[in-house]
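Please read the following report alongside the sequence and the coordinates.

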Amino acid sequence: MDAPAPPRAPFGVTEPALVRPKSMATLEMAAPYIGLTLAAICLPLVSDDYWGGIATRACVYWVLVSGLNLVVGFAGQIAIGWVALLTLGAYTASVLTAGTATPELSPYLALILAGSAGAIFGVIVGLPALRLRTFYFAMTTLGFATIVTQVALAWGSVTGGGVGVAGPIFPGPFSTQWGFYYFCLILAALCTWMTANIAASRFGRGLIAIRDAEVAAEACGIAKPVLLMTVFLFSGAAAGVAGGLFASLQSYITPDAFTFDLSVLFFIAILIGGRGSILGPLLGTIILTVLPEFSAPLVAWSTFLYAALLLLIVLAIPGGIAELLDYKNRRPLERHREIVPRPDLLPRVLNRTIEAGPLILDGITLSFGGVRAIDALDLELRPGEVHGLIGPNGSGKTTTLNVISGYYPPQAGVARLNGIALPPGAAPLRASRRIARTFQTPRLIGGASVLQNVMIGGTIDGHGSFAESLLALPRHWRDETRLREAALSALSVVGLAQLGAVRADRLQHSELRFIEIARALMLRPAFLLLDEPAAGLSAEEIRRLGALIVAISHHGTGVLLVEHHADLIFDICDRITVLNLGRVLAVGTPAEIRSHREVVSAYLGA
Amino acid sequence: MLESIIAYGLATGAVYAMIGVTYNVMFSASRVFSFTAGVLGMLGGVLGSLFILRLHLPAALGFVATLAAGALVGIVTEIVTVRPVLKSLDQHLYVLSTLAFALLIQQFTAIEWSTEPQPFPRLLPLPGGPLDQQFWLPILACAATIIGLELLYRRTLVGRAFLAIAEDSYAARALGLPEQRLRMASYALAGAIGALAGFAGGEVLLAFFANAPMLNFYGFVPVALGGMGSNRGAAIGGLALGLFQQAANFLVGGIFASVAVFAVFIVVLLARPEGLAGAGTARRV
């Protein structure tokens, strides 16, 4: 093994963010929020009642937008009809406090029930997102928004119909205008804190992974249905609470108060702010709420203005405000970067004690239409072995990988790990069986940092629940610390630790390949499936990759290597399977394969 | 009552069907569902009323001007919202760009035209009755659209080029077809069809800016249920939707009708995301 001996920094950059004291970095991140909070607390000293009302409205909107941000900005679901949940919350709170249908309830209890109603309907509205593609889902939320208003109009005995119903009035210190402002501000700050916690947790990263690299998210064991439904639940609750506050702020609500324009405002505030950010949408909400107040004509034209802003953002700055604020990622990177893997550091990552048995494919058959992609394929991967899978284009190599990692259910045959059958076609269940993989084209989240990308690989090793992350309870911190340390180790192993803080879409192709390996190592895999990891690498990089793969296998991980670089295959593989037209042409050691007559004539060339 | 259910149902259904066709024509040229489909339908009504009632143009001239304006909006949609994002890796951007453009037009109409429904002119000097022109005009327009498109796609060279682009735009480009111009032409065609829908259904739906989101949804339902790209599916789905909606409207009230349509839409899509007549999903990895 040729591990580069001295642990020198491969190029002379000072390591950013990662090596700085954590408290400094946290303070720098929190600074804008602290500033905004202080400004908001001091607002009554400098402002009149009119602006106080606007500021209260901004707080109420943010309570909704903060939750919606997880749906739109993080999970990437185009939910444009969220005003429906605001309407629902507003009517629930108002009707319960007014007592038109039930005994009169306390406004606080009504607010909680409004949140619960919002949560339930958030899940109902969100359900279609599990199966429908973007535009379809956008349409269902739009349809839902129309219906809720119609029901509010028609169900006159409860909602007051077109006449409306009085909003709840909060007692005690919150009954004055500024008192109510502080009440809303506290809730808004709470929502900011909670969603920021989620954003910085494995759940936030999982959502972004679903948005930008769904296939890779599945390979990392991220269960999309559970995660999305949890987020819809939270987002719906936030919207319901915002509705209750909105009704109180308006003091009297009719269906006319809930125009589709509000939905547009919420949705566009997030996109103007930037997807995958908390601060950006927060600023977006403030800007969009305040903007029309600067001149009277703007009020009528506000939605037109928002739409124009949206078009501008989509066409010119898809990253939104968050991208403009992200000054760190505009610093130029070192030009001639070198990837120097450190296989000697592998014990830090692969400190696994589980002994896995072999992974055996037995008679796997899969056709696409009339084409037999793989035909009665048998394959045995042993722990601690590098197994090469070669063959001409279209011989079924990647398809074999996709069957093992559960993207395609085979039409016949079974895959067994350690004697237990792998559930066919269930990709998210592979991670828990410690089967990791990389992809032919690297599937990473361009907008997230390299470190975050790698941390996604360890998602299933977190123990804390969504609620624990929401409230930043101890288990959340322990998970985060452990995942961060593991990810830093994995990055050191592949030789990219110094790029941890950089946004992944700024890196070059070869670096992305190694990041994918680091992400796969986060699973401490029993079996690692590599799909053409050497494609696009230089000769020197291929040599280092080979050494790294061998080192990984020496730690007990079985590696399945699909590759076209014959040199790499024959140098590092313990055994090789040759495929042709979906069938096994030959199996054996590199020496046997090299002298196999059919292989030479079909594939290697004489 | 039955005859008015059928008359109203088929008339609105025909408009939904034509909006569905508008979605389809844009979709097959670019794989983009555009939020401007409903806006075009709304504009058909508003512009018809503007040209004929406010500017006192003859009905025929107003009709031509409305279709031309629709085609123009279609072309602008293509240039402003579709072309810049087609190259982007993020496939979802088009949803946002077309939504933004649709909102721009809708808000502009609300402010500069009216926020209240405005009357739409009677187009032909014929007596009214259960077989009034407001009912058969949209049906006639819908039938003409479907037959016209069939003829265009099957009998003309340009139509076959459209089909080639829809089937495989890479291969079509390799054959030397001017993909970009064909796409623009498709959008112009879609614009004219959308405007025709609103114009023909003008007397039923009136000239009202809020028709845009309504038509967006009800025009999309037949496309989603019938399988995208299928114009005949959209026509049958649209007419069925119109009849169902009107029947529910008369029998149990409008709220139930909307809730029922929405529920059917969600349930069918959850059960068969590719539509009742659609094909299975493609390979992902």
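In a right-handed or a left-handed crossing, which way does α10(B) pass α11(B)? In this predicted model, α10(B) passes α11(B) in a right-handed crossing. The axes of α10 (residues 211-226) and α11 (residues 231-252) of chain B come within 8 Å and cross at roughly 125°, and that angle is why α10(B) counts as oblique to α11(B). On the side of α10(B), the contact is made by Tyr218(B), Val221(B), Pro222(B), Val223(B), Leu225(B) and Gly226(B), which meet Gly233(B), Ala234(B), Ile236(B), Gly237(B), Gly238(B) and Leu241(B) in α11(B). By residue class, this contact of α10(B) with α11(B) holds eight nonpolar and four polar residues, with no charged ones.

In chain A, strands β11 (residues 575-580) and β12 (residues 583-588) run antiparallel and are joined by five bridges. Within this pairing, Thr577(A) has Val587(A) in β12(A) as its bridge partner. The two strands β11(A) and β12(A) form a hairpin with two residues between them, and Leu581(A), in the turn, has a positive phi of about 50°.

Between the chains, 37 residues of chain A are in contact with 31 residues of chain B. The helices tabulated here each supply at least two residues of the side of chain A that touches chain B.

| Helix of chain A | Residues |
|---|---|
| α5(A) | 134-154 |
| α11(A) | 260-273 |
| α13(A) | 296-316 |

The largest share of that side, 14 residues, comes from α5(A). The residues of the side of chain A that touches chain B divide into 28 nonpolar, eight polar and one charged.

Terms used: Residues numbered from 1 in each chain as written. Chains lettered and ligands numbered in written order. Predicted model: local features only at pLDDT ≥ 70, side-chain atom pairs only at ≥ 80, totals over all residues. Contact = placed C-beta atoms within 7 Å. Helix = DSSP H or I, 4+ residues; strand = E, 2+ residues; numbered from the N terminus. Nonpolar A, V, L, I, M, F, W, Y, C, P; charged D, E, K, R; others polar. Axes fitted to C-alpha atoms, helices over the stretch in contact; angles between N-to-C directions. Parallel < 35°, antiparallel > 145°, perpendicular 65-115°, else oblique. Left-handed = near helix turned anticlockwise from the far one by under 90°. Pairing = 2+ DSSP bridges.
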